[in-house]
Amino acid sequence: MEWRVVYVKSKAEKKVAERLEQKGFEVFCPLQMQVRQWSDRKKKVYVPYFSSYVFVKLTEKQRLSVLQTPGVVNFVFWLHKPVVITHAEMAEVQAFFSRYKTEELKVEAIKTGDVVRVNQGVFKTRKGVVFQQTKKNVSLYIEQLGVMLKVVIPKTQIEKS
């Protein structure tokens with residue numbers, strides 16, 4: 001039995017997890033509570049931390065059964081092979097989510113105006129203000145030597161301050 005990552009249709013994570021559990025699979029799909037505002041009311045809803053992904057424990061023979069589940073698009077692949085999550089990695093992830101109340105956890109995206117710190121490269125340890133970003137890069141204003149420098153840095157090299 002191995003843990004695999006399944007890519008599912010948008011906003012179908014909870015349904016897919018439920019359907020896979022009904023088929024007898026062990027599934028992991030952690031949820032967070034959010035307050036959503038509609039025009040006439042506010043409502044608490046539970047949304048997945050990992051949008052469009054569900055973790056499922058299965059054997060090689062059970063792959064087809066998972067793929068035939070409504071809402072499942074495909075397994076997640078890396079280098080032309082389905083991604084396998086080790087039992088130790090999965091236990092760590094599950095322990096993390098069991099230790100913290102879901103209301104206390106937040107996944108924050110970097111936004112324009114955020115102050116971030118560079119953690120790799122020539123500008124390591126420097127702080128900068130985000131003024132533009134693409135999927136892979138962030139443009140920062142970094143004050144150095146009394147002038148503002150505009151630099152483009154890969155997102156993997158920065159962290160929120």
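Biologist: What share of the protein do buried residues make up?
Modeller: Of the 161 residues, 31% are buried. Buried means under 20% relative accessible area, exposed means over 50%, and partly exposed is in between (1.4 Å probe, protein chains only). The model is predicted, so local features need pLDDT of at least 70 and side-chain atom pairs pLDDT 80 or more, while totals for chains, interfaces and linings use all residues. Numbering starts from 1 along each chain as its sequence is written, and side-chain values use heavy atoms, without hydrogens and water.

Biologist: How many helices and strands does the protein have?
Modeller: There are three helices and 14 strands. Both are DSSP runs numbered from the N terminus: helices are H or I with at least four residues, strands are E with at least two.

Biologist: What makes a set of residues a nonpolar core?
Modeller: Its members are buried Ala, Val, Leu, Ile, Met, Phe, Trp, Tyr and Cys residues, joined through side-chain atoms within 4.5 Å. The largest such core here has 15 residues, and V6, L20, F25, V27, V54, V56 and V66 have the most contacts inside it. Strand 1 (2-8), helix 1 (13-22), strand 5 (53-58) and strand 6 (72-75) each give two or more residues to this core. A second, separate core has eight residues, including V5, Y49, I85 and M90.

Biologist: Which residues does V66 touch?
Modeller: Leaving out residues up to four places away in sequence, V66 touches V6, L20, F25, L58, V72 and F75. A contact means heavy atoms within 4.5 Å.

Biologist: Why is the pair of F50 and F55 called edge-to-face?
Modeller: Rings of Phe, Tyr and Trp (its six-membered ring) pair if their centres lie within 6.5 Å; planes under 30 degrees apart are stacked, over 60 edge-to-face, and the rest tilted. The F50 and F55 rings are 5.4 Å apart centre to centre, with 85 degrees between the planes, so the pair is edge-to-face. By this rule there are three aromatic pairs, and ring pairs link F28, F50 and F55 into a cluster.

Biologist: Is F55 counted as buried or exposed?
Modeller: F55 has 11% relative accessibility, so F55 counts as buried. F50, at 29%, counts as partly exposed.

Biologist: How do you know that E2 and R4 form a salt bridge?
Modeller: A salt bridge needs a side-chain nitrogen of Lys or Arg within 4 Å of a carboxyl oxygen of Asp or Glu. The closest N and O atoms of E2 and R4 are 2.7 Å apart, so the pair qualifies. R4 is buried, with a relative accessible area of 4%, whereas E2, at 32%, is partly exposed. E2, R4, E60 and R63 are linked in a network of salt bridges. The structure holds five salt bridges.

Biologist: What makes K57 and E26 a salt bridge?
Modeller: Their closest N and O atoms are 3.8 Å apart, so the pair meets the rule. K57 lies in strand 5 and E26 in strand 2 (residues 26-28), so the pair ties together parts 31 residues apart in sequence. K57 has a relative accessible area of 19% and is buried, while E26, at 40%, is partly exposed.

Biologist: Where does D40 stand, buried or exposed?
Modeller: D40 has 60% relative accessibility, so D40 counts as exposed. The side chains of D40 and R41 meet in a salt bridge (3.1 Å, N to O). R41, at 41%, counts as partly exposed.
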